[in-house]
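Subject: Structure handover

Hello,

The sequence and structure are below, followed by notes on what was found.

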Amino acid sequence: MSDSANATARIPSGRLSLAASSERIALGPLDGRYAGAVAPLVDYLSEAALNRDRVGVEVEWFIHLTDNNVLPGTETLTAEQKAGLRAIVTEFDAASVAELADIEKVTVHDVKAVEYFIGNRLAALGLERLKPLVHFGCTSEDINNLSYAVGVKGAVEDVWLPAARALVAKITEMAETNRAVPMLSRTHGQPATPTTLGKELAVTAFRLTRQLDRIAKTEFLGKINGATGTYAAHYASVPAADWEVVAKGFVEALGLTWNPLTTQIESHDWQAELYADMARFNRILHNLCTDVWSYISIGYFAQIPVPGATGSSTMPHKVNPIRFENAEANLEISNALLDTLGATLVTSRWQRDLTDSSSQRNIGVAFGHSLLAINNVLGGLGRLDTAEAVLAADLDTNWEVLAEAIQMVMRAEAIAGVEGMEDPYERLKDLTRGHRVDAARMQEFVSGLGLSDGAQQRLLDLTPGKYIGIAESLVDHLNK
């Protein structure tokens, strides 16, 4: 029995086959439930976009060879002919996708199908004689590596980076708004030296910005040097040409960085570097999600309900932080793929194996889950209100966090020659460890230490909400 027959046999009795539906049904969430959120990536990282980029690379190679008179017997194309060739790319549509698929059924080779697809259009442009120039000197990987580089570059620069920068701008805005809002810190989950909510958000914005700056500087490498990177076919057919100069000029004209030393494949190191930076961005963002989720759970943030939305199917009072939970899951899926891509793509058996080809088909999925997470976090942050009263109340029930300040003042006093400042840490430990200390008890303790008048007054004026150092002004580093 065939696999398809087995699949049909497994459908429970009385059910119709969804796979046999005339309407294509998405297998994965990025092409189904979340298709709208990741739609911008379709123009760069889908199979159709890859084929369009393949057509574009082949067309530009054809024009590059004629513009530079690389091959004897070719003539410079007219402006109309160049426009006609480039129209094959700009007018690439659903019908083109279908036509390519039909050709590939015969060739059983995707890049060869692209070559025939272009060749079929040359007669109408008066270029039938130059059909052998299509794909001249190229191995499939010459076209593929450049097409992937062009597609990934476009996806990063036109879709992913703008979305990520918009998110960081939102976090930065929140940091500015909350720069002076005191907040109890928690190190190891325990009450610790206070900070401000704005400063803590600024830490995340600063970290994310560093990763985006690295990603923005990515070098997108490409090569067009033949079956094993030696230009062997090029020099066998046209020995008089300077093929390295021709190749370098072409790759750079595509907006890419020329890789002069490769096997059959471009080595993909740039991809591994990019995906590592993206994964690091994702991990920092994941950390923000878990922190914000936790702050929501203790009431630091109030969520603004969405009119008509249901938080829980049985508990009508709930507004669940689902956008942050959704983002966590998608960031984890994205990173699993990015990590796998980075590890797989930098290795190749001898001069070429096919693992990179199969792996790269999932680049769009990795980008898609990251983009979906970014959109969810941006939406979630947009529906938060800072509960300043809750933050203030939390500080007011944790006066023991001033123990650090008192200890350091006592140390400074001892160095200045004030007597009676021995063992400050032990004295504060006896007062505070395992005990709740209110304002009156803390001020009574301070008054009995024998501090100099200035030091004693500084501590008596200090409250947990004022013990924030220069946290407020640290937010200014976001604008430097």
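Strand 1 and strand 2 make a hairpin with two residues between them, and His188 in the turn has a positive phi of about 60°. Strands here are DSSP runs of E with at least two residues, helices are runs of H or I with at least four, and both are numbered from the N terminus.

This is a predicted model: local features need pLDDT of at least 70, side-chain atom pairs count only at pLDDT 80 or more, and totals for chains, interfaces and linings use all residues. Residues are numbered from 1 along each chain as its sequence is written, and side-chain values use heavy atoms, leaving out hydrogens and water.

Strand 1 (residues 182-187) pairs with strand 2 (residues 190-196) in the antiparallel sense over five bridges; pairing requires at least two DSSP bridges between the strands. Met183 has Thr195 in strand 2 as its bridge partner.

The unreviewed UniProt entry annotates residues 348-468 as "domain: Adenylosuccinate lyase PurB C-terminal"; such annotations may be inferred rather than shown by experiment, and positions follow the numbering used here, with feature names shortened. That span is 61% helix and 2% strand, and its end C-alpha atoms lie 54 Å apart.

Helix 18 (residues 424-432) packs with helix 19 (residues 439-447) at an angle of about 155°, the axes being 12 Å apart. Axes are lines fitted to C-alpha atoms over the stretch in contact, and angles run from 0 to 180 degrees between N-to-C directions. The two helices, helix 18 and helix 19, are therefore roughly antiparallel (over 145 degrees; under 35 is roughly parallel, 65 to 115 roughly perpendicular, the rest oblique). Arg427, Leu428, Leu431 and Thr432 in helix 18 meet Arg441, Met442 and Phe445 in helix 19, contact being heavy atoms within 4.5 Å.

Regards
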